[in-house]
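Here are my notes on this model, point by point. Please read them with the structure open.

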Amino acid sequence: MKSAYDAACGRLACRMRTEKEIRDFLETAEIAEAVSDLKNFGYIDDARFCEEYFRYAKQKAKADARIIRELSQKGITAEFARNVIEDVRVDAEAEFEDDETSAMKTAAQMLRNLTEDGKKADEKFFAKVGRRLFQLGFDSSLIYGVIGNLRRKQ
């Protein structure tokens with residue numbers, strides 16, 4: 001491994017640099033080296049992180065689109081996240097429900113909770129279901145379909 005001094009000398013060999021340029025370079029080089037070491041030791045593994053995050057989020061009944069959006073916010077590209085999610089689904093076979101099934105189960109549970117309390121579903125309830133499904137990341141067309149199914153069930 002190169003020492004910080006050796007790295008700075010190599011950088012200065014090309015041309016003169018300011019102290020700030022050398023400090024910025026060394027900081028970047030040290031970060032890159034640390035990240036590389038962490039990857040080599042297996043402490044950083046984006047694919048494993050995506051897989052575990054997907055499993056966790058599905059337990060919370062989140063939609064795939066929301067999971068991908070959250071992973072993107074954590075620095076994972078959407079394409080990489082989609083590929084990992086697809087691989088997990090293939091490996092796990094029937095362990096994970098599709099978005100439609102998951103949304104319907106969430107809405108049905110909300111309806112059961114309402115009717116157990118002796119109440120009837122009204123427009124306020126359907127709006128609540130819609131908001132909940134939207135928070136979980138389901139798209140509008142799916143939400144409207146689920147609410148339509150709930151209306152028919154009651």
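1. Conventions for helix packing. Axes are lines fitted to C-alpha atoms, for helices over the stretch in contact, and angles run from 0 to 180 degrees between N-to-C directions. Helices (H or I, at least four residues) and strands (E, at least two) are DSSP runs, numbered from the N terminus.

2. Provenance. This is a predicted model: local features need pLDDT of at least 70, side-chain atom pairs count only at pLDDT 80 or more, and totals for chains, interfaces and linings use all residues. Residues are numbered from 1 along each chain as its sequence is written, and side-chain values use heavy atoms, with hydrogens and water left out.

3. α4 against α5. Helix α5 covers residues 78-92, and α4 packs on it at an angle of about 130°, with the axes 9 Å apart. That makes the pair oblique. The cut-offs are: under 35 degrees roughly parallel, over 145 roughly antiparallel, 65 to 115 roughly perpendicular, and the rest oblique. α4 passes α5 in a right-handed crossing. A crossing is right-handed if the near helix is turned clockwise from the far one by less than a right angle, and left-handed if anticlockwise. On the α4 side, D64, I67, I68, L71 and S72 make the contact; they meet A78, A81, R82, I85 and R89 of α5. Contact means heavy atoms within 4.5 Å.

4. α3 against α5. How do α3 and α5 lie to each other, and at what angle? The angle is about 65°, with the axes 9 Å apart, and the two helices are therefore roughly perpendicular. The crossing of α3 past α5 is right-handed. From α3 come D46, A47, C50, E51, F54, R55 and K58; from α5 come F80, A81, V84, I85, V88 and R89.

5. K58. This residue lies in helix α3. K58 is buried, because its relative accessible area is 12%. Leaving out residues up to four places away in sequence, K58 touches A63, D64, I67, R89, F96, E97 and D99.

6. The α3-α4 loop. A61 sits in this loop. A61 has a positive phi of about 65°, although it is not a glycine. A61 counts as buried, because its relative accessible area is 16%. K62 is in the loop between α3 (46-59) and α4 (64-73). Is K62 buried or exposed? At 12% relative accessibility, K62 counts as buried. The K62 side chain makes a polar contact with the side chain of E70, at 3.3 Å. Residues that K62 touches, beyond four places in sequence, include Y53, A57, L136 and F138.

7. E95 and R55. E95 lies in the loop between α5 and α6. E95 and R55 are 40 residues apart in sequence, and their C-alpha atoms are 9.7 Å apart. Their side chains are joined by a polar contact of 3.2 Å.

8. Helix α8. The buried residues of α8 are L142, I143, V146, I147, G148 and L150. Their cover includes α6 (99-116) and α7 (123-135).

Methods:
Buried means under 20% relative accessible area, exposed over 50%, partly exposed in between (1.4 Å probe, protein chains only). A polar contact is a pair of N or O atoms within 3.5 Å; within protein, one must be able to donate a hydrogen and the other to accept it, and residues adjacent in sequence count only if both atoms are side-chain atoms.
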